[in-house]
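Welcome! Please take a moment to look at the sequence and the 3D view below before reading on.

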Amino acid sequence: MCRLFALSSRDPVSPMRAIEALNVMKEGHDGSGVGLFLHDLGGPFAETKDAPILSGIFTEDGLKRLDAFMDERGFVTKATLVLDPRTKTPEGTPIRGVYMARAYEIPADLKAASKAERELTYMAIRVALRLTGEERDDIRVFSFWPDTIMVKEVGDPLTVAEYLGLDRPELFARRILAQGRQNTNYAINLYACHPFFLQGVCTMTNGENTAFIPIKEYLLSRGFAGYMGYQSDSEVFAHIMHFTLSRLGLGIEYYKHVITPLSDTEMEGHPDRALLGRIKQTCRKLIIDGPNCVIGCLPEGTMFMVQDRKKLRPGVVGGHDGIFAFSSEICGLDAAIPDRDPRADVQPMHLDTAIVRPECQEVTLCNQLQSLPRPH
Amino acid sequence: MQSTAVITPSTLSVVDLPWQVEWNKDTCTLCGRCTSVCPVSAIELGVFRKRSVEATIALQKKPTNSYSIYYGIRQRTDPAYRCIGCGMCNMVCPNNAIAPRLRPEATTLKFHNNRGGAARTRGGRRNDTGSLLDQIKFIRISMLTDPALDAGRHEFELRTLLGRVLPPEDGLAALADNAWVPAVREIYPLMIGSMSFGALSPNMWEGLVMGVSYLNEELGMPVRMCTGEGGCPPRLLRSRFLKYMVLQIASGYFGWDEIIKALPDMKEDPCAIEIKYGQGAKPGDGGLLMWYKVNKLIAAIRGVPQGVSLPSPPTHQTQYSIEESVAKMIQSMSMAWGFRVPVYPKISGTTTSTAVLNNLVRNPYAAGLAIDGEDGGTGAAYNVSMNHMGHPIATNLRDCYENLCIAGKQNEIPLIAGGGIGKNGNLAANAAALIMLGASAVQSGKYIMQAAAGCLGSEHDRCNVCNIGVCPKGITSQDPRLYRRLDPELVAERLVDVFLSFDTELRKIVAPLGRSTSLPVGMSDALGIGDYHAANRLKIKYVV
Ligand code: SF4
Ligand code: SF4
């Protein structure tokens, strides 16, 4: 089972805080990979909040091809952060090339376009880069989005973090998602490392999604270029969240109703019965199964944790005003926020969604039996 | 007895018959029950003559003959009266003195089944024991990487949707705008396949309806039963139990007068309307209710004269094109119930089923597609149609499901698969395999007959006299002397047993696969098969 750790903080914090928490939980993962999502950055990138940042790994050839590709589309480099390896390459980690995050000045016509169009363009560029990179194995991109950096690598989280020198001010962020991967079902693949990102939506999971194939087939058939990849059975969780938010216009309170709907009896007395019934019926293809705990972050910085219908996976949320953490084990939480009141920790149950808004004031629990905010 | 037998081209001996009756002279008490119960008069009381030669020792006297006679059971070899292996004689024999035995190598009868130039017709089954569905294994088992679910303790939602399901965007928009949405029923994924009231005896039908009502009302299992062609008893049409029925309108339109007339008095809407274009066992042949079974009651319900054969034409004769057939019929049937009832066509598995499906994708009123593979069907048909026509269900269903995936409509038009489910007794495994290949629901008629009513038919051409109204168990007969044998209450009880055990078995399959909150429709990654070509064709794993 993978170990998960996420932080939401009012002030930017070092990603190492999350990595160290993963290290405390080390017994539970074999260090077959690490993934890091950093959002709402505090370092130099904070000055260019609107500039999309491309994060990935590039070979020499890949970099040249990237520059040509971006040039052609009128993107101009604004700032580049190169994570140059500081130590010897850790055992099991392949030598891949340059780990880089690069912010771009976008072309004028894109600036004039609507936000939705811009966002679609960013996604299209990321997908195109990933596909061309896969052909020659020279470009790997994890995200292309404003104020967001992603790092992924195969190997033990702490060793990789030291290798890449992740403890640098450029990477300080207010929202951090980190996963120590326990590879179980599939071959080790860089893209299979959590978290998964699509248009500002990012999730990671510890567990298994047995409904993977039908859900994947469904998402693939939606005709949306961003629904691709699927190297991991839980990648679909991120895309379902994206579908819920952007295609259905439903907020975080609805996510759990999509993936683990209430039973008919539970729905009977519910104030939003008609709506929930309709969601259950039409989104039936998106119902997940299998033991899993999902932690995620939404575009505006809301973080959440949900459990599968039977609550077969551990997960805990805690912290204090200003900083909150989501962890798959309490020891991770203890390591990252030792000065919190552990009695206020929350372990979301099978109907709950634990939510921490970007203001980082409190953990709210949203129970599926409660009435819902009107869809917007 | 003739002193010299006349040997003609079609004189057969007992050994030429696939079913041979073994009779034991020593234990037989000559009660005569077997001959009276035999549905086809294959056995008759016989008088046998025995000659013994009596020779004295050392030939003091000349040897003499003595003649004696004894009575016994003689098997007839006339093809029209050949033994069908039903075993009724054994069932009634107090001493087990008589029993049919199958001799599969005796094939001569096959060449003489067409006496008078009439090709053989029969009821029942395809008489082929092979089953691809039986070869499919469930290979993705949560065990080491993740905890498996407990089939006995965890909660399961093994329900499926029947009816046109809107895409999520449209469904939510329609709710916001208070717009019309197609009717969708949440039902149990195993449906009782269409077997018409004319084909089944009144007792059998009553038993099934009772069982279905019990399952729904006492056990909370939303099991649905399809009626097949031929209408529905008027009392049922006007009862609250109608909601458990899927009414079928087939090409003969038999019984539809009654249904239309009952419309204003209906307390409940039927679960759905099934428009039958084809049936797995007799594709292209239509239905065939033979005159033997058209008694007064059936004639009245069907609105036809008594004692005439009632073949349904192979197509709906009032329509001349597929567009008209599918689109208009669906629309007019929907209209008849105020667009509150799902309407879907049922076709035989065929190479063109994807074309039908593509028509349905664009039809907002189409509520699903039922496909019946070659092993399906229970009714009467020509031998040649049953044995040699039809398309296996697995590939047909898979093609259709993949077509839907391409169109992005998977599960929005539910596919109902039938044909050979449980033909060798593995009902739950076969059903689960079809569901994982893409069926939203499965339907079975034959298994239900066999399990709930003790039908004697097998995949070895056993019994299969359903068509001529002499069903020895009273399942498919309209003769009160025969159907009195079947106790409806006991049929209902057995039906409940069948569904409950099916439910347990289905859980035992899906729980280790890690599924419990939705039916694993299209979960093809869980399937494997030891046949390389089948694996490629079905796009599942090849495992040996
Ligand atoms: S097995 Fe059936 S058909 Fe054959 S002799 Fe016995 S009762 Fe008659
Ligand atoms: S028992 Fe009745 S229904 Fe079954 S095969 Fe024989 S005749 Fe047909």
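This briefing goes through the model topic by topic.

This is a predicted model, in which local features need pLDDT of at least 70, side-chain atom pairs count only at pLDDT 80 or more, and totals for chains, interfaces and linings use all residues. Residues are numbered from 1 along each chain as its sequence is written, chains are lettered from A and ligands numbered from 1 in the order in which they are written, and side-chain values use heavy atoms, with hydrogens and water left out.

**Chain B as a whole**

- Chain B contains 17 helices and 21 strands; helices (H or I, at least four residues) and strands (E, at least two) are DSSP runs, numbered from the N terminus.
- Along the principal axes, the C-alpha atoms of chain B fill a box of roughly 115 × 60 × 45 Å.
- Of its 544 residues, 56% count as buried. Buried means under 20% relative accessible area, exposed means over 50%, and partly exposed is in between (1.4 Å probe, protein chains only).

**Around the two ligands**

- Ligand 1 has 13 residues around it, and those that come nearest are Cys38(B), Cys83(B), Cys86(B), Gly87(B) and Cys89(B). A residue is counted here if one of its heavy atoms lies within 4 Å of the molecule.
- The shell around ligand 1 has 11 nonpolar, two polar and no charged residues. In this scheme Ala, Val, Leu, Ile, Met, Phe, Trp, Tyr, Cys and Pro count as nonpolar, Asp, Glu, Lys and Arg as charged, and the others, Gly among them, as polar.
- Residues around ligand 2 include Arg125(B), Cys455(B), Cys463(B), Cys466(B) and Cys471(B).
- For ligand 2, the shell has seven nonpolar, three polar and one charged residues.

- Leu30(B), Leu45(B), Val47(B), Ile69(B) and Tyr71(B) make a nonpolar surface patch of about 490 Å².
- β2 (43–54) and β3 (64–75) of chain B are the elements that give two or more residues to this patch, and Ile69(B) is found in strand β3.
- Patches are made of residues with over 30% relative accessible area and no salt bridge, with like charges joined within 9 Å and nonpolar side chains (Val, Leu, Ile, Met, Phe, Trp, Tyr) within 5 Å. The areas come from the Shrake-Rupley method with a 1.4 Å probe, and for residues only the protein chains shown count as cover.

**Salt bridges**

- Over all chains, the structure holds 53 salt bridges. Each is a side-chain nitrogen of Lys or Arg within 4 Å of a carboxyl oxygen of Asp or Glu.
- Lys285(A) pairs with Glu412(B), with the closest N and O atoms 3.7 Å apart. Lys285(A) lies in the loop between α10 (273–282) and β11 (292–297) of chain A and Glu412(B) in the loop between α12 (393–407) and β18 (415–418) of chain B, so this pair joins two chains. Both Lys285(A) and Glu412(B) are buried.
- Arg515(B) forms a salt bridge with Asp289(A), at 3.1 Å between the closest N and O atoms. Arg515(B) is in the loop between α16 (488–510) and β20 (527–529) of chain B, while Asp289(A) is in the loop between α10 and β11 of chain A, so this pair joins two chains. Arg515(B) counts as buried at 2% relative accessibility, and Asp289(A) counts as buried at 4%.
- Arg537(B) and Asp399(B) meet in a salt bridge of 2.9 Å, N to O. Arg537(B) lies in helix α17 (residues 532–538) and Asp399(B) in helix α12 of chain B, so the pair ties together parts 138 residues apart in sequence.
- Asp40(A), Lys49(A), Asp147(A), Arg174(A) and Arg175(A) are linked in a network of salt bridges.

**Backbone details**

- Most residues other than glycine have a negative phi, and most peptide bonds are trans.
- A cis peptide bond joins His194(A) and Pro195(A), with omega about -10 degrees.
- Asn178(B) has a positive phi, near 60 degrees, and counts as exposed at 73% relative accessibility.
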